[in-house]
Amino acid sequence: FRARTGALRKALRGRAQLLNVDAPHLVRARPQAGDSESDVLEADSRGWWFSNPQEGTFSALEEASSCRGLEESLSGVAQAFVEHGPVDGLLGFSQGAALAGIICALKQQGDARFPFDFAILIAGFKSRAVCHCGYYQGPIAVPSLHVLGETDQVIPAEMSRELASHFVEPVILTHPGGHFIPVSTPQKKAYLEFLNRFIK
C-alpha cells in the first residue's frame, strides 16, 4: 500500500503524514484458468478478513455466510492507534476501505479504541458477510470522503456508493479510471479541500 500511495504522499506533503498498517492475514489468490501453482503463490497478498475461511480467500462480491479474521484486524489497528497515535483520520483502499468503514461504524457505536476525526475511503464497499450486517444498521456520522472509479472492474462504483449511503453527508469524489488511488489535479484538490476541514 505504501508503494501505491507514493503519488498521494507527495501530494499531501506538508499537510498529512501517512502511517501504514499491514493487514494480518495472508490471502491466497483465487486461481484463474491457465494459472500455475506458482502464479497463485506469487499472487498471495494480505487481507483484513476472509470471505471464504476454508480456502483462505477473499472476494468483495461474495455474500459469505461465515468469515474469519476481522477481530484480529481490528485489534491490530487499535494497537497501531496506541503505538503511533494520535491519529487524525483513516485512509483505506479496497478491502482496507471496507475495514475503515467498519471502524467508522464502531466509532459511531462508541468504541473507544478508535479516536479519529474523519475517513477517506477509496474503492470501498459494504461487506457482504452476514456477520458484518450489524455495522450498517444506523447512520454513520463520521465525516467521510468516498473516492470511486467509474470504470473500476474490481469494486464497481455502485458498491462504493452503497457504502457511502450509510454515512451522514458523505463527500463523493468520482474519477474516470479504475481500481487505483487517483492523484491527478482534480482529485488532489478534492483531498486537500476535505483535509482542510480538519486542520487544528
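This is a predicted model: local features need pLDDT of at least 70, side-chain atom pairs count only at pLDDT 80 or more; totals for chains, interfaces and linings use all residues.
User: In what order do the strands of the open sheet lie, and which are the edge strands?

Analyst: The open sheet has 4 strands, paired in parallel, in the order E3-E4-E5-E6. An edge strand pairs on one side only. The edge strands are E3 (89-93) and E6 (171-175).

User: Which residue in E5 is the bridge partner of Ile120?

Analyst: Strand E4 covers residues 118-122 and strand E5 covers residues 144-149. The two run parallel and are joined by 4 bridges. In E5, the bridge partner of Ile120 is Leu145.

User: Which strands does helix H6 lie across, and at what angle does H6 run to E4?

Analyst: Helix H6 is formed by residues 185-196. H6 lies across E4, E5 and E6, and its angle to E4 is about 160°.

User: Are helices H3 and H4 roughly parallel or roughly perpendicular to each other?

Analyst: Two packed helices are described by the angle between their axes and the distance between the axes. The axes of H3 (residues 70-84) and H4 come within 11 Å and cross at roughly 75°. Angles of 65 to 115 degrees count as roughly perpendicular. H3 and H4 are therefore roughly perpendicular.

User: How many nonpolar, polar and charged residues has the contact of H3 with H4?

Analyst: From H3, the residues in contact are Leu70, Ser73, Leu74 and Val77. In H4 they meet Leu99, Ile102, Ile103 and Leu106. By class, the contact has 7 nonpolar, 1 polar and no charged residues.

Conventions
Residues are numbered from 1 along each chain as its sequence is written. Side-chain values use heavy atoms; hydrogens and water are left out. Two strands pair if DSSP finds at least two bridges between them. Contact means heavy atoms within 4.5 Å. Axes are lines fitted to C-alpha atoms, for helices over the stretch in contact, and angles run from 0 to 180 degrees between N-to-C directions. Angles under 35 degrees count as roughly parallel, over 145 as roughly antiparallel, 65 to 115 as roughly perpendicular and the rest as oblique. Ala, Val, Leu, Ile, Met, Phe, Trp, Tyr, Cys and Pro count as nonpolar, Asp, Glu, Lys and Arg as charged, and the others, Gly among them, as polar.
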